[in-house]
Amino acid sequence: HMGEVSRDRVLLEIRAVGEQWYFDGFAASGSHKKALADTTLTHPLGEWHHVAFVVEQNRLRTFVNHQLELEHPFNFSPILTGSSSIGMRLNHRSYFKGDIFQIRISPGVIPPEDFLSL
């Protein structure tokens, strides 16, 4: 979770359902808000996976294991204030109960072939 609790922000969440999970990427910029999540795009728990949320000026995209899952047009402006939180939301909710191997935040868009390897 990066940005402000209830203002401009970017949020990556893993949502567990039974023995599966799905990726939920959320962005808020000004009056625009969008969650990219599809409960039918599930992955098994208990294995390492690579997730990426690509936020560009005009669109949002989510990837799991280097494969595009969802994308949507979006009017995004850079986040200039706020904080970051790893493993829970900035408002201390929705704790992550798993392991994180590595985090990479880049100032520019990275093509899927240059994402970190699993």
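**Charges, fold and aromatic pairs in a predicted model**

Tutor: This is a predicted model. The protein chain carries 11 positive and 13 negative side chains, and the centres of the two sets lie 9 Å apart.

Student: What makes up the protein chain, helices or strands?

Tutor: There are 0 helices and 9 strands.

Student: How do you know that the radius of gyration agrees with a compact globule?

Tutor: For 118 residues a compact globule would have a radius of gyration near 13 Å; the protein chain has 14 Å, which agrees. The C-alpha trace spans about 35 × 35 × 25 Å along its principal axes.

Student: Why is the pair of tryptophan 48 and phenylalanine 101 called edge-to-face?

Tutor: The ring centres are 5.9 Å apart, and pairing requires them to lie within 6.5 Å. The planes are at 70 degrees; over 60 counts as edge-to-face, so the name applies.

Student: Which parts does this pair tie together?

Tutor: Tryptophan 48 is in the loop between strand 5 (43-44) and strand 6 (51-55), and phenylalanine 101 is in the segment after strand 9 (83-84), so the pair ties together parts 53 residues apart in sequence.

Student: Why is tryptophan 48 called exposed?

Tutor: Its relative accessible area is 55%, and exposed means over 50%. Phenylalanine 101, at 68%, also counts as exposed.

Student: Why is the pair of phenylalanine 74 and phenylalanine 76 called tilted?

Tutor: Their ring centres are 6.3 Å apart and their planes are at 35 degrees. Under 30 would be stacked and over 60 edge-to-face, so this pair is tilted. Both phenylalanine 74 and phenylalanine 76 are buried.

Notes: Residues numbered from 1 in each chain as written. Predicted model: local features only at pLDDT ≥ 70, side-chain atom pairs only at ≥ 80, totals over all residues. Heavy atoms only, no water. Helix = DSSP H or I, 4+ residues; strand = E, 2+ residues; numbered from the N terminus. Rg over C-alpha atoms; globule rule 2.2 N^0.38 Å. Lys, Arg positive; Asp, Glu negative; His and termini not counted. Charge placed at Lys NZ, Arg CZ, Asp CG, Glu CD. Phe/Tyr/Trp six-rings, centres within 6.5 Å; stacked < 30°, edge-to-face > 60°. Buried < 20%, exposed > 50% of the residue type's maximum accessible area, 1.4 Å probe, protein only.
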